Structures are given as C-alpha cells and as structure tokens.
Amino acid sequence: MPALVLLGAQWGDEGKGKATDLLGGSVDYVVRYQGGNNAGHTVVVGDQKYALHLLPSGILSPGCTPVIGNGVVVDPAVLLSELSGLNERGVDTSKLLVSGNAHLITPYHTTVDKVTERFLGSRKIGTTGRGIGPTYADKINRVGIRVQDLYDESILTQKVEAALDFKNQILAKLYNRRAIEAGAIVEELLTYAEQIKPYVADTTLILNNAIDEGKVVLFEGGQGTLLDVDHGTYPFVTSSNPTAGGACTGAGVGPTKISRVIGILKAYTTRVGAGPFPTELFDKDGEALRTIGGERGVTTGRDRRCGWFDAVIARYATRVNGLTDFFLTKLDVLTGWEQIPVCVAYEIDGKRVEELPYSQSDFHHAKPIYEMLPGWSEDITKAKTFADLPKNAQAYVKALEEMSGAPISAIGVGPGRTETIEINSFLS
Ligand code: GDP
Ligand code: IMO
Ligand code: MG
C-alpha cells in the first residue's frame, strides 16, 4: 500500500488535518500537492491544538517527512512563520522538503487578490485573500516566480520585473492603486532565500524513489472536490485541483503509483465563501450545526455556512476522484436530533435529478429532496468500534455509505487523534 491520496469530498474543512495526522505515525512521507495557505487544517494532539495552513499535517508526526510539492503555491513569509511557530512549541521541522518548482506567493499577489475581490463587489468569490488565485494565474500565464528563482538574483529580478510591468498597469489604471516597485519585492524575497534553502529539494525524484522502495507516501489535499477549479462549483472555487488527479501533477507522481484514494466526508455539509449550496440551512438547525460543530474558519475566522448531508455531492466525489474509501467525520455533532434529513437527490425545474448537474444554472436551482433518518441521543464520543454506536447512528452511517458509492472505512466521533472508529485499515 505505498501511495494514498487523502482529499476533501465536499467544500473543504471536512477534517483532512485530523485524518492525515491520524495516519501520519504510520507513513513515511506526507505531501501537500496543491493550494497554499488558504487551507486551515486543525490537528488536536492530547491537549494541544495546532492550526496548519501551508505545512502538511504530517509535520506533527516525528517519523514522517513532510513535503510541499511542486503544485503548491508558497508564501515564503508564511512558511517561515509557521515553521518558527511550531519550533517554539517544540515540534521538529527539520525534515521538511520543499519543491524547487513550487510557485511563490509574493506581496503583489495578495494585493491583486484583495483588489480584485473588492472590484467584483457583490459578485465576489469570497476568497481567503491569501493571493492564491493570482499566483496560479501567473503560473499559467508563464510569469510566475518559483522557489528555485530565489537562488539566481539576476533571473529573479528579470522575472519580477516582467510580472510587474503588466500588473502595475492594471493596478494603477484599473484599480487606482500605487504601482509596486520590483526592486522592493526582490529585496524582500531575497531575505527569505537562505532560510528556505535547506529545505529545497527535487521532491518528485525523492517521492518516486520512496514509492519504488515500498515506503508509504500520503498525499494530503487542501480544500475539497467542490472547490476544484475543473470539477467544482466554478467560478466559486479555488484556483487549483484538490481532486485526486491533482496529486499526480502536483507532486510529479504517475497515476499508476497511487493505490488508494480516501475521501474525507463530514456527516453534514459546510461551505465558506460564496457560491451555490443546495442543502444550506438558514434556521435554528443551521445555527445548531455551526455551534455544536465549531464551524468557524481556521484561516479567516469566518462563520461557515452549514447544511444537511448531501449524498449527490458524495456520489460525485466518488466519481471524479475514483474514491476507494470514505472517512466520515464529525458524526458526534449530529447527536441529539430526533430525525436527521439527508439529501438523496435534487429537484431541478420540476424533475428529480440523481447526479450533480454539469450546468451551473441547474445547480443554482437545485432543491434538495430529503429522506428522514432516525436520530440518536446517546453520547458517541467514547465509541471505539462500530458496534459501540447506537443502532440509529449505525444505520445513519450505513445509509450514507449506500448512497455515496464507496465504503466508509473510518468514523470520527470527536476532534482528538483517538476519537476515531477504524473499520478497515487504510494501510493494509
Ligand atoms: P480540514 O480543513 O479538512 O483539515 O478541516 P478543519 O480543521 O478546517 O475543520 C475541521 C474541524 O473539525 C476541526 O476543528 C477539527 O478539529 C474538527 N474535527 C475533525 N474531526 C472531527 C470529529 O470527528 N468530530 C468533531 N467533533 N470534530 C472533528
Ligand atoms: P481547507 O484545506 C474551505 C474557499 C474560499 C473561497 C474559495 C476561493 O481548510 O479545507 P481562495 O483563497 O482559495 O482563492 O478562495 O475557496 N476556500 C476554502 N474553503 N476550506 C478551505 O481549505 C478553503 N480554501 C479556500 O473560502 O470560497
Ligand atoms: Mg480547513
């Protein structure tokens, strides 16, 4: 079982950090393959809580080598401050590897992110403002700056000038902002270069060798399937591919090397930022899910939008990712409801639709069709096996599994490392 992908099956914040950390003790490498510090992954170890943004969650497992792959966008200031924050808490980060091909988020990318959102007004995406979209845009436009450019001042200067020549026209003429001076950006980037150098490596070579040697490699997605730029609710998405294929391009590992793809699935649904969300609740149930589930963004502190479980989305995640397993999280949050609605299909223009519509307009008009499942009131946070769960909680899990198209191999019953019911081992 050498290479596994672990990714979000909904709109992010499914509990990927906890799931990765849980496996971290048994894997040799944990690799971020896309996104950047727009992610917010919470890991609870004993009485310690860690919020990771850019670093892979495997950084908290001593035997594991954390890797930032070529598909990630790296804000060097954030990288260094996250590392020093962990060092201050006694976490050894010396094993970290960063791809020399990863693109850098610079101060002009965060500026462009923020002014673009302001310019869009009511049509804004609700980005995290971390410069993610503009950095990926520069990558695709071939005017990006890569980690390796930090080690050739002349090339770095030429590339920053080329990127800013165009951007400054837009900043000044369209957004009425002051132009950004290339020299100041180069100077700032060079202050990070030597501190980052010890981590920079040819990560695709290292990871392919590791897989060939039978080492266990875990690819940790940021965001989620419905935030994928190709397969998500475009344009209300992030600018990268959190779906399983992104692990291949974002880490330089071929699809034949991936043996298992695990979708992290919350027992209900949440979303941050703008965009369609068929099962969203605007009533006291939505408020209760938010309060009980602690649904507040780790990165931006925004309240998460909350709604019931959506099986159409789960089936879609199974399809576009080729999921082999689900890890169902936060089942404990649903304790106390007499009946729990689950969306089994949509009604669109009077017709019942079983699959996620490819048309954005249809998805905007999708009304959830609910089936009511009986709830439970017993505390489940101490459950260690499936049999420990109350009958109705077991039935809820079985119903979700049936509707979602892949086996549920683990269940989260609390935020801590040990608050997990393992049904099938991910590493066998
Ligand atoms: P990520 O972005 O997918 O890593 O998820 P976040 O960390 O943004 O949000 C998930 C939240 O749920 C975090 O606060 C976790 O500590 C918490 N969490 C994860 N699994 C469980 C679970 O099974 N039960 C409960 N109650 N909380 C969980
Ligand atoms: P984790 O890894 C939830 C959302 C933003 C916005 C959209 C685009 O913690 O699950 P961006 O800054 O990426 O250009 O914003 O994507 N978004 C997330 N939502 N969890 C995340 O990460 C997210 N990362 C980005 O709210 O709607
Ligand atoms: Mg998160």
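Predicted model: local features only at pLDDT ≥ 70, side-chain atom pairs only at ≥ 80, totals over all residues.
## Ligand 2 and its neighbours

Thr128 places a polar side-chain atom 2.6 Å from an oxygen atom of ligand 2. Which residues come nearest to ligand 2? Of the 20 residues around ligand 2, the nearest are Asp13, Lys16, His41, Thr128 and Thr238.

Two further side chains make polar approaches to this ligand. For His41, a polar side-chain atom lies 2.8 Å from an oxygen atom of ligand 2. For Asn38, the distance from a polar side-chain atom to an oxygen atom of ligand 2 is 2.9 Å.

## Ligand 1 and its neighbours

Now let us turn to the other ligand. Ligand 1 is surrounded by 19 residues, and the closest of them are Lys16, Gly17, Gly40, Thr42 and Asp332.

A polar backbone atom of Lys16 sits 2.7 Å from an oxygen atom of ligand 1, and a polar backbone atom of Gly17 sits 2.8 Å from an oxygen atom of ligand 1. Asp332 contributes through its side chain: one of its polar atoms there lies 2.7 Å from a nitrogen atom of ligand 1.

## Helix 3 beside helix 5

Next come the helices. Two packed helices are described by the angle between their axes and the distance between the axes. Helix 3 covers residues 107-120 and helix 5 covers residues 153-174; their axes come within 12 Å and cross at roughly 25°. Because angles under 35 degrees count as roughly parallel, helix 3 is roughly parallel to helix 5. Their crossing is left-handed.

Which residues make this contact? From helix 3 they are Tyr108, Thr111, Val112, Val115 and Phe119, and from helix 5 they are Val160, Ala163, Leu164, Lys167, Leu171 and Leu174. Sorted by class, the contact has nine nonpolar residues, one polar and one charged.

## Helix 3 against helix 4

Helix 3 also packs with helix 4, which spans residues 132-140, at an angle of about 115° and with the axes 7 Å apart. This crossing is right-handed. Helix 3 brings Tyr108, His109, Val112 and Asp113 to the contact, while helix 4 brings Ile132, Pro134, Thr135 and Asp138. By class, that gives four nonpolar, two polar and two charged residues.

## Helix 5 across helix 6

How do helix 5 and helix 6 cross? Helix 6 runs over residues 182-196, and its axis and that of helix 5 come within 9 Å and cross at roughly 135°. That angle makes helix 5 oblique to helix 6. The crossing is right-handed.

On the helix 5 side, the contact is made by Glu153, Leu156, Thr157, Val160, Glu161 and Leu164; on the helix 6 side, by Ala182, Ile185, Val186, Leu189 and Leu190. Eight of these residues are nonpolar, one is polar and two are charged.

## Two backbone details in loops

Finally, two loops deserve a look. Between strand 10 (217-220) and helix 8 (244-251) there is a loop that holds Pro235. Is the peptide bond from Tyr234 to Pro235 cis or trans? This bond is cis, with omega near 5°.

The other loop connects strand 15 (325-329) with strand 16 (339-348), and Lys330 is found there. Lys330 has a phi near 60°, a positive value in a residue other than glycine.

Key
Residues numbered from 1 in each chain as written. Chains lettered and ligands numbered in written order. Heavy atoms only, no water. Axes fitted to C-alpha atoms, helices over the stretch in contact; angles between N-to-C directions. Helix = DSSP H or I, 4+ residues; strand = E, 2+ residues; numbered from the N terminus. Parallel < 35°, antiparallel > 145°, perpendicular 65-115°, else oblique. Left-handed = near helix turned anticlockwise from the far one by under 90°. Contact = heavy atoms within 4.5 Å. Nonpolar A, V, L, I, M, F, W, Y, C, P; charged D, E, K, R; others polar. Near = heavy atom within 4 Å. Polar contact = N/O pair within 3.5 Å; in protein donor to acceptor, adjacent residues only side chain to side chain.
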